[in-house]
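Visitor: I have a model to look through and would like to talk about its ligands. Can we start with whatever you have up?

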Amino acid sequence: MPEAFVDLHTHSLASDGTDSPADLVRKAAALGLSALALTDHDTLAGLAQAAAEAEKAGPEFVPGVEIAVKYGAGELHLLGLFVNPNSPGLTSALAEIRAGREGRNRAILDKLKTLGLPLTMEEVRALAGGQTVGRPHIALAMLGRGYVRSWREAFDRYLGAGRAAFVPRELPTPAAGIELIRNEGAIAVLAHPFLSPAMSAPGLDELLSRLRSDGLQALEAWHSAHNSEKIRICRDLARKHGLLASGGSDYHGRNKKDAPLGGGEERVPYAVLEALKNFSAKSGQGG
Ligand code: AMP
Ligand code: ZN
Ligand code: FE
Ligand code: FE
């Protein structure tokens, strides 16, 4: 039997990706992936469409979500895998998180206006198309107006942390974020720990000790921003801290280069999903 691979971290039009959930599932099938998780930022809105498409011709579908939590002056990202797409508790908590984004987006547009770069919320929302609206969509609107020549420039000059139009977001603590995810038996995963160049292996080791006591259950080892060495470090640290390993591309379609669906050279073996599934089955009922 040929080896099977999975991708447990992707984004659709429901947040800041450029593929519809159904297209994402079809592309995963065309690539021969055995399983796909949709993990849009702060919304469950794409899950039903993806699940319905996966019903038809596969691959196996894992409903997920990605949220940000507070980490010093910055943020960490958590994935929830095997979330309940119809969970009233999670749905309303995410709606509250998105409402927080609204205020922040408005504040960013105010700053841009002061800088002589007016944008309307309507054009930003139209570019987003889905429920979750964020800086990537503001960057696209700036590009559309010719305020910047690239996405990179939009973040480097205006939208990135500490730049001219940056506004921080109010975020839950890691413990609160983990609790939100685990509420109904989903698995809480720390996403792409080495995406930030500031993260070192000893730093991650220490962070995992803390997050483990907050209830973290898994660590994303495979990710487009992780080279083989980082993947190995993550797998070793996961073992050391009694965490499961996870992995995915963080595919965003045209909105993110260098994150191909299904991953790059080091793909995520199906056994990784198998272990997560076994764990979720065991800890399932409110465990
Ligand atoms: P938001 O969720 O609105 O805070 O936007 C976060 C997203 O903006 C990230 O997922 C990235 O896609 C993008 N982003 C954030 N910071 C940068 C940066 N410095 N350069 C390029 N893209 C960035
Ligand atoms: Zn994203
Ligand atoms: Fe992320
Ligand atoms: Fe992501």
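Guide: Helix 6 gives the largest share of the shell around ligand 1, 3 residues. Helices here are DSSP runs of H or I of at least four residues, strands are runs of E of at least two, and both are numbered from the N terminus.

Visitor: What sort of model is this, and which residues and atoms count?

Guide: This is a predicted model, in which local features need pLDDT of at least 70 and side-chain atom pairs count only at pLDDT 80 or more, while totals for chains, interfaces and linings use all residues. Side-chain values use heavy atoms, with hydrogens and water left out, residues are numbered from 1 along each chain as its sequence is written, and chains are lettered from A and ligands numbered from 1 in the order in which they are written.

Visitor: Which residues are around ligand 1?

Guide: Arg101, Arg104, Gly134, Arg135, Pro136, Trp151, Arg152 and Phe155. A residue is listed if one of its heavy atoms lies within 4 Å of the ligand. They divide into 3 nonpolar, 1 polar and 4 charged; Ala, Val, Leu, Ile, Met, Phe, Trp, Tyr, Cys and Pro count as nonpolar, Asp, Glu, Lys and Arg as charged, and the others, Gly among them, as polar.

Visitor: Which polar atoms of Arg135 and Arg152 lie by ligand 1, backbone or side-chain?

Guide: For Arg135 it is a polar backbone atom, 2.8 Å from an oxygen atom of ligand 1. For Arg152 it is a polar side-chain atom, 3.2 Å from a nitrogen atom of the ligand. The protein buries 73% of the 500 Å² that ligand 1 exposes when taken alone, with areas from the Shrake-Rupley method and a 1.4 Å probe.

Visitor: Now the metals. What coordinates the zinc ion (ligand 2)?

Guide: Asp16 (OD), Asp16 (OD), His41 (NE2) and His252 (NE2) coordinate the zinc ion, at 1.9 to 2.5 Å. Donors are N, O and S atoms within 2.8 Å of the metal (3.2 Å for Na, K and Ca), and water is not among the atoms, so sites may look incomplete.

Visitor: Why is the arrangement around that zinc irregular?

Guide: The 4 donor atoms subtend angles of 53 to 137°, which makes the arrangement around the zinc ion (ligand 2) irregular. Four donors count as tetrahedral if all angles lie between 85 and 135 degrees; four count as square planar and six as octahedral if opposite donors are over 155 degrees apart and all others between 65 and 115; anything else is irregular.

Visitor: Asp16 and His41, buried or exposed?

Guide: Asp16 is buried, at a relative accessible area of 10%, and His41 is buried at 13%. Buried means under 20% relative accessible area, exposed over 50%, and partly exposed in between (1.4 Å probe, protein chains only).

Visitor: What holds the iron ion (ligand 3)?

Guide: Glu66 (OE), His77 (ND1) and His192 (NE2), at 2.0 to 2.2 Å. Glu66 is in strand 3 and His77 in strand 4, 11 residues apart, and both residues are buried. The distance from this iron to the zinc ion (ligand 2) is 5.8 Å.

Visitor: And the iron ion (ligand 4), what are its donors?

Guide: His9 (NE2), His11 (NE2), Glu66 (OE) and Asp250 (OD), lying 2.0 to 2.2 Å from the iron. Their angles run from 78 to 166°, which makes this arrangement irregular.

Visitor: How far apart in sequence are the parts that His9 and Asp250 tie together?

Guide: They are 241 residues apart in sequence: His9 lies in the loop between strand 1 and helix 1, and Asp250 in the loop between strand 7 and strand 8. Both His9 and Asp250 are buried.

Conventions
Polar contact = N/O pair within 3.5 Å; in protein donor to acceptor, adjacent residues only side chain to side chain.
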